[in-house]
Amino acid sequence: MALEERRGRGRPRDADMEVRVFDAVLEVYWETSWRGFTFDAVARRARVGRAALYRRWTSKEDLLVAALEARSPLPAPIDTGSVRGDLIELSDQLARGYAELAGLVSIRVTLDAMVNPDLLAHLTDTLNQSRLVTTRAIVSRAVARGELPPTTSTTLLLELVTGAVLSHALFSHPHRDAETGASPRHSELVVETVLRALVES
């Protein structure tokens with residue numbers, strides 16, 4: 001009984017701490033970039049003790065990776081049964097991601113890596129890996145079905161789709177659909193153009 005009473009009087013577990021921390025990570029990084037991104041700044045924004053952050057994440061790079069992975073622009077696996085459907089879904093997921101703060105922060109991290117390559121090179125590799133793995137699987141299935149030539153470059157295909165979606169996200173805000181983050185039929189137009197170029201090359 002005494003043990004139960006002591007447990008009841010103990011400090012309650014902060015169930016939503018991780019949510020607050022990840023929100024704070026994205027907000028602080030977006031506002032300050034890598035140089036201003038510190039455990040202290042995140043702790044203040046999330047209203048948690050700095051020691052609580054150090055107990056769970058050993059470095060601010062680990063903390064940033066965890067937040068971005070938790071709010072990943074590509075959260076779902078893709079396999080629609082056709083290369084066209086797969087690439088449209090890939091484009092849609094990228095567009096939705098770039099319409100959110102996590103997607104914008106991932107862009108900023110990539111830009112910061114050009115200035116701080118020693119600090120952020122591993123982080124950008126981590127962020128790009130899921131897209132590369134996803135696209136490689138799409139291309140492999142498409143080649144097996146005869147939809148794409150065996151010489152198709154996964155890297156080029158990813159660059160073409162990602163580049164078009166990113167450009168649209170950055171420069172076409174007034175025309176974006178409120179729910180999907182992309183303008184109507186933009187994904188279809190991108191994919192049709194890319195596939196036509198790949199098949200005819």
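Serine 187 is buried, with a relative accessible area of 3%; buried means under 20% relative accessible area, exposed over 50%, and partly exposed in between, with a 1.4 Å probe and protein chains only. This serine lies in helix α10, which covers residues 186-200. Apart from its neighbours within four places in sequence, serine 187 touches Ile88, Ser91 and Asp92, where contact means heavy atoms within 4.5 Å.

The model is a predicted one, in which local features need pLDDT of at least 70 and side-chain atom pairs count only at pLDDT 80 or more, while totals for chains, interfaces and linings use all residues. Residues are numbered from 1 along each chain as its sequence is written, and side-chain values use heavy atoms, with hydrogens and water left out.

The chain as a whole has 10 helices and 0 strands. Helices (H or I, at least four residues) and strands (E, at least two) are DSSP runs, numbered from the N terminus. Along the sequence the pattern reads α-α-α-α-α-α-α-α-α-α. Of the 201 residues in the chain, 42% are buried. Among contacts with a separation of 6 or more, 64% join residues 24 or more positions apart.

Two packed helices are described by the angle between their axes and the distance between the axes. Take helix α6 (residues 83-98) and helix α9 (residues 154-171): their axes come within 9 Å and cross at roughly 40 degrees. Axes are lines fitted to C-alpha atoms, for helices over the stretch in contact, and angles run from 0 to 180 degrees between N-to-C directions. The angle makes α6 oblique to α9, since angles under 35 degrees count as roughly parallel, over 145 as roughly antiparallel, 65 to 115 as roughly perpendicular and the rest as oblique. The crossing of α6 past α9 is right-handed; a crossing is right-handed if the near helix is turned clockwise from the far one by less than a right angle, and left-handed if anticlockwise. On the α6 side the contact is made by Leu87, Leu90, Ser91, Leu94, Ala95 and Tyr98, and on the α9 side by Leu157, Val161, Thr162, Val165, Leu166 and Ala169. By class, this contact has 10 nonpolar, 2 polar and no charged residues. Ala, Val, Leu, Ile, Met, Phe, Trp, Tyr, Cys and Pro count as nonpolar, Asp, Glu, Lys and Arg as charged, and the others, Gly among them, as polar.

A second pair is α2 and α3, whose axes come within 8 Å and cross at roughly 140 degrees. These two helices are therefore oblique to each other, and α2 passes α3 in a right-handed crossing. From α2 the contact takes in Arg20, Val21, Ala24, Val25, Glu27, Val28, Glu31 and Gly36, and from α3 it takes in Ala41, Val42, Arg45 and Ala46. The residues of the α2 and α3 contact divide into 7 nonpolar, 1 polar and 4 charged.

Backbone angles come last. Most residues other than glycine have a negative phi. Serine 33, not a glycine, has a positive phi of about 70 degrees. Its place is in helix α2 (residues 17-36), and at 11% relative accessibility serine 33 counts as buried. Arginine 47 also has a positive phi, near 60 degrees. Arginine 47 sits in the loop between α3 (39-46) and α4 (50-56), and is exposed, with a relative accessible area of 63%.
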